[in-house]
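Here is a short report for a first look at this structure. Keep the sequence and the 3D view open as you read.

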Amino acid sequence: MAIRERINGGTAGIASFLALQRSTVGVLAMVVLVGMGERMAERFLPIYMLALGGGVLAVGLLQAMDNLLSALYSFPGGYLSDRLGTKRSLLIFNLVAMAGFALVILVPAWQAVLAGAVLFISWSAISLPATMSLMYKVLPTNKRTMGVTMHSLVRRIPMALGPLLGGLFIGIWGERDGVRLAFGVALMMSIVALFLQQRMIEADTPDSVSSDTASSLTGEKNPLKLLRSMNPAMKGLLVTDILIRFCEQIPYAFVVVWSMKVITAPVSALQFGLLTTIEMATAVLVYIPVAYLADRSTKKPFVLVTFVFFTLFPLVLLFSRSFEWLLVAFILRGLKEFGEPTRKSLIMDLSPEGCKAGMFGLYYLIRDVFVAFAALGGAFLWQISPETNLVTAFVFGIIGTVGFAIYGRDIQVPIYRKEAHHDRSP
């Protein structure tokens with residue numbers, strides 16, 4: 001009995017440290033299951049469309065839709081979460097994704113793929129504001145960054161395993177049947193996620209806020225009105241974040257070209273895959289320690305260090321002309337995740353009560369619309385020269401980092417404050 005109590009106590013301690021409560025575990029299970037199905041099938045959509053007779057233009061349209069919808073869906077996702085509550089909004093988002101999966105399964109035509117993609121391809125973008133809002137509703141102040149970090153961490157599971165399973169399906173059943181079967185598995189996983197989500201996430205209502213100004217903003221559907229409520233600290237974070245994303249996105253599509261085609265000693269596809277794995281492993285290793293420290297202090301220093309890593313990557317890549325130096329560059333690239341969950345947590349800290357999810361969605365809408373131009377600009381810069389592309393990215397990073405260092409604001413939270421909350425441990 002004593003041993004069982006110690007085991008139970010140890011398990012509860014680990015769950016508490018990792019911010020694992022009933023509702024958060026339900027959301028994390030949803031992220032893994034729906035994300036796994038999405039990554040199994042979505043990564044191979046271009047091949048599937050070509051097999052169905054769609055041309056290169058159709059594939060390009062699919063990619064353009066992905067980028068545009070990821071930006072446009074963020075604000076509606078936040079609005080519905082504020083308006084309906086997290087549990088009901090996530091139910092709607094999952095049903096919409098499932099309808100997209102079903103359409104692709106039932107209608108083997110590339111036009112149906114485009115129509116279905118409208119429903120499921122940006123599931124992550126539309127559900128993210130609701131997920132962040134839930135973390136802030138059910139977790140105490142000193143565990144919120146850890147909760148956001150666990151979300152970022154488990155998202156890597158389907159990113160790593162989904163394409164592997166999807167590739168296995170294609171290898172066994174071919175490009176057409178394999179992808180349709182992968183979508184069938186995605187639909188089944190979404191059904192399981194829906195069940196777990198509705199059983200584990202406690203029923204909630206939109207934030208109940210006593211302040212007149214905050215309550216008037218609950219479920220605000222007018223983005224311009226919500227924009228006027230964005231405080232100066234969040235505007236400063238948004239502007240500098242846009243600059244940092246320019247630094248990231250200008251060379252983003254060309255990193256593989258630089259590594260495999262341009263440098264003096266190009267790497268093989270297998271070596272590039274290994275570099276990507278090392279990048280992911282580096283990101284995973286820093287997540288939890290940084291979240292623990294950020295929850296016990298101010299968040300600005302961790303975000304600033306993250307911006308520094310973003311900035312240094314294109315510069316180090318510029319001087320990386322062999323596998324050994326690329327290894328250093330990709331470890332640095334993994335370290336750019338150092339404070340990414342902390343940045344998301346800071347966005348929620350700076351958002352007004354009563355419309356946190358909506359403000360989070362608006363933030364991503366504005367940021368991603370602007371950053372969409374960076375990839376296009378990166379192509380023109382690459383045509384001038386690869387070095388011009390990388391140096392320009394580095395300059396944007398310097399401006400963003402220095403700007404945040406000077407104008408960035410933080411919110412000091414009590415380190416050991418214990419807050420009462422109704423959620424239960426799993």
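Is S127 buried or exposed? The model is a predicted one. In it, S127 has a relative accessible area of 4%, so S127 is buried.

## S127 and its surroundings

S127 lies in helix α8. Neighbours within four places in sequence are left aside here. Beyond them, S127 is in contact with L90 and F93. Both L90 and F93 are among the buried residues of α6.

## Helix α6

Helix α6 covers residues 86-106. How far apart are its end C-alpha atoms? They are 30 Å apart.

The buried residues of α6 include T86, K87, S89, N94, A97 and M98. Further along, G100, F101, V104 and I105 are buried too. These buried residues pack against α2 (22-42), α3 (45-51) and α5 (74-84), and also against α7 (110-120), α8 (123-138) and α10 (175-200).

## Nonpolar cores

In soluble globular proteins, nonpolar side chains tend to be buried together. Here the largest nonpolar core has 55 residues. Its members with the most contacts inside it are M30, F120 and F183. Helix α2 supplies the largest share of this core, eight residues.

What does M30 touch, not counting residues up to four places away in sequence? The list is G35, L90, N94, W123, T131, A193 and Q197.

A second core is separate and has 35 residues. F75, M230, F310 and L362 are included in it.

## Helices α15 and α17

Two packed helices are described by the angle between their axes and the distance between the axes. Helix α15 spans residues 269-295, and helix α17 spans residues 323-335. They pack at an angle of about 35 degrees. Their axes are 7 Å apart. The crossing is right-handed.

On the α15 side, the residues that meet α17 include F272, L275, E279 and V286. On the α17 side, F323, L327, F330 and R333 are among those that meet α15. By class, this contact has twelve nonpolar, four polar and two charged residues.

## S345 in helix α18

S345 sits in helix α18, residues 340-350. Why does S345 count as buried? Its relative accessibility is 0%, so S345 falls in the buried class. Leaving aside neighbours within four places in sequence, S345 is in contact with Y136, R144, T145, V148 and K299.

Terms used: Residues numbered from 1 in each chain as written. Predicted model: local features only at pLDDT ≥ 70, side-chain atom pairs only at ≥ 80, totals over all residues. Heavy atoms only, no water. Helix = DSSP H or I, 4+ residues; strand = E, 2+ residues; numbered from the N terminus. Expected span 1.5 Å × (residues − 1). Buried < 20%, exposed > 50% of the residue type's maximum accessible area, 1.4 Å probe, protein only. Contact = heavy atoms within 4.5 Å. Axes fitted to C-alpha atoms, helices over the stretch in contact; angles between N-to-C directions. Left-handed = near helix turned anticlockwise from the far one by under 90°. Nonpolar A, V, L, I, M, F, W, Y, C, P; charged D, E, K, R; others polar. Core = buried A, V, L, I, M, F, W, Y, C linked by side-chain atoms within 4.5 Å.
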